[in-house]
Amino acid sequence: MKRLIPLWIAAIAGFTVIASNFIPPAMGMSDLVTEMFSVLAAVAYVLGAASIAKVHLSKLSARRPGWGYSIVTLFCFTATLVVGLLKVAVPPGPRSPDLAFSGSYSEPGGALWWIYEYAISPITATLFALLAFYVASAAFRAFRAKNLEAALLLGTAFIILLGRTAAGGYLTGWFPEEISGLRLENFSIYIMQVFNTAGNRAIIIGIALGVAATSLRILLGIDRSYLGSGD
Amino acid sequence: MSTERTTHLARNALTTGRSWTARAAPLRRWRGAAVASAALTLAVSAIAAPPLPPQDVRVFDVPLDAGGAIGVKWTVPVDAPAGSIATFVIRRSMTDAERSSNRLDQRKTAYETELARLTAEGVAPESAKTQATMFAQQKVPTPAEGAAQEPGWIDVSEVPASAVAGSDGVALVKGLDPEQSFQFLVVSRGPDGSGAASAPTAQVRGAPGLFMGKRSFLLGWIIFICGAVIAYILLARSGRPMKIRRIAALEAVDEAVGRATEMGRPVLFIPGIQDMDNVQTIAGITVLARVAKTVAEYDATIEVPTARSLAMQAAREAVQASYMQAGRSESFNPDAISYITDEQFGFVAYVGGRMVREKPAACFYMGCFYAESLILAETGNSIGAIQIAGTAESSQLPFFVAACDYTLIGEEFFAASAYLSGEPDQIGSIKGQDIGKALAIAVVIVASVCLAVAAVVEASGSGIAIGIAAESVVAFLRMALTS
């Protein structure tokens, strides 16, 4: 029963969403299913918070390596939660003072906004900026011409890179109009629009079919492993 | 000869269809000038005549839709002089929200105009703002509650008079809110911009049909592909052997888990950063169930950091069941499957740090990933972990291919769970996908050939019928694929 009921819920919700694409009176049902998921996800946040607290408190009490970071995590977690729930320093909303606390929790000027703007956002941007270095190291490894395929990949990447920078124009800008298609900036566009698009579309068609088959397996209850049944 | 005389003769000739030159031979030399003058006079009279309003405007509901479309029909005025109507403009009444928005726009314009005037006159800024506000409120007042309001009209469609065949015009108005009622009217607009509006229709509302007719082709595709999948599942159940190609990345799962066991290090599994409403997360968790079973059998440890609390709960259920199946339920540690944060780079910071500190021997990335894909995979590469990735995000595939040992590309990722289970039912569903793929290949080939034929015909100028047929096939396929 523990697995049968979720299976039925998944099947009914899935087929309802599919039906709502074709049967106008069922469109409202699709919205209802989406709202129910949002409610469920919101409730699951409590479980998530409990998981964070349990993992870090146990690490702290056992003095496992890195327990100092757990203190920072728990402090930040609690502080952000309190600041957000109590709407600390949130400017008065348009319905104040008739309706106290009517300003949005994320209103500019509020403490939560301040945390996001001056702590989370810069840290996020810093981490995102690291991507440039990771791209360089991955490209260095991927573009080593170990065999024919790798050499082709290297050559193509070289053309694209040059074609998208000023160097492409300087190197091949003098090509006569009759063979302007071979200018690096034009050739790189051709590669992206023809070869790259063709390969990408083939992958996307495969993904679409894979999604259809996976959905069908789940809706028909053939694949139940995500429910914990294991078979 | 006077202009009136010339015009009279010209009109007479045009209406009777006979040449007036025989009867008026002395006037022959004036013939050209007279005809031109007559035509000009007629044109001027047509232009000068105001267009007559359309008659008998009626509306009809468009069947087989979601209620968002209404058809409008009208009769072209019988007595309208030729050329007096250039276009027919279809208008609908505004909704309350549109009226309110329109009123605010008008008030804002009035405020800004008045403020500019007062400022130019040298009125102090604060006083000018107050006066401009009062002026705008007086000019565009808020209607009293319950008072009847002018409907207000929006142009929703325009039909050239030349496109109206016969005496009746018709236009479809789409994108309407089926919860709202609307009135419609049609305006005859002359070449000079003058217009005459018909009487508005009664309030009407689009009624949703029982089926979205325009999605018939999509339904057909779904039935065909799902039918093929189900047919192959039934064939597999009946005992027909199903053979699918070897997927190297999935063959390497045992090797990766075995390596982690030998090294005494954990296995790291990340089911993407999206929630359970994303099919990639579900596919990732189904793969997790298989990997966790192998981990339990090898008595290794697995860690599953998640970016969504619902995904954490589902992952716990799946891993626990796998441990039970392997007969090692006592080894299951729920805290190994933990929620970190929804924040994309917060999650990356945690996982990256953990990878560097604990150095897992095997890393699995199975689910929906965005910019974090390369950061995670490169970190895993730097610690020497064996890495297997799978995602349906085509933009992230190159990063995984570059940084991981094995990558499940697109459909392979969705086939992974079925492949690892080895059950005939699930293998059959993978075979069913091939029918869909064969259909896609056939459509691509037919469309390419038809486009090539049409291009050749256009260039050569011969075989027009074949060219038209080829273009018709392409148009049909385009409609069938985009409806």
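Here are some questions and answers about this predicted model. Residues are numbered from 1 along each chain as its sequence is written, and chains are lettered from A in the order in which they are written. Local features need pLDDT of at least 70 and side-chain atom pairs count only at pLDDT 80 or more, while totals for chains, interfaces and linings use all residues.

Me: Is B:Arg328 buried, partly exposed or exposed?
Reply: Happy to take that one! A residue is buried with 20 or more other C-beta atoms (placed from the backbone) within 10 Å of its own, exposed with 12 or fewer, and partly exposed in between. B:Arg328 has 16 C-beta neighbours inside 10 Å, so this residue counts as partly exposed.

Me: How are α3(A) and α4(A) oriented to each other?
Reply: Helices here are DSSP runs (H or I, at least four residues), numbered from the N terminus. Helix α3 (residues 67–85) and helix α4 (residues 111–129) of chain A pack with axes 8 Å apart, at an angle of about 135°. Angles under 35 degrees count as roughly parallel, over 145 as roughly antiparallel, 65 to 115 as roughly perpendicular and the rest as oblique. The two helices, α3(A) and α4(A), are therefore oblique.

Me: Which element gives the largest share of the side of chain A that touches chain B?
Reply: Good one to look at on screen! Residues are in contact if their C-beta atoms, placed from the backbone, lie within 7 Å, and the contact takes 53 residues from chain A and 65 residues from chain B. Elements giving two or more residues to chain A's side include α2 (27–61) and α8 (184–219). The largest share, 16 residues, comes from α8(A).

Notes:
Axes are lines fitted to C-alpha atoms, for helices over the stretch in contact, and angles run from 0 to 180 degrees between N-to-C directions. Two residues are in contact if their C-beta atoms, placed from the backbone, lie within 7 Å.
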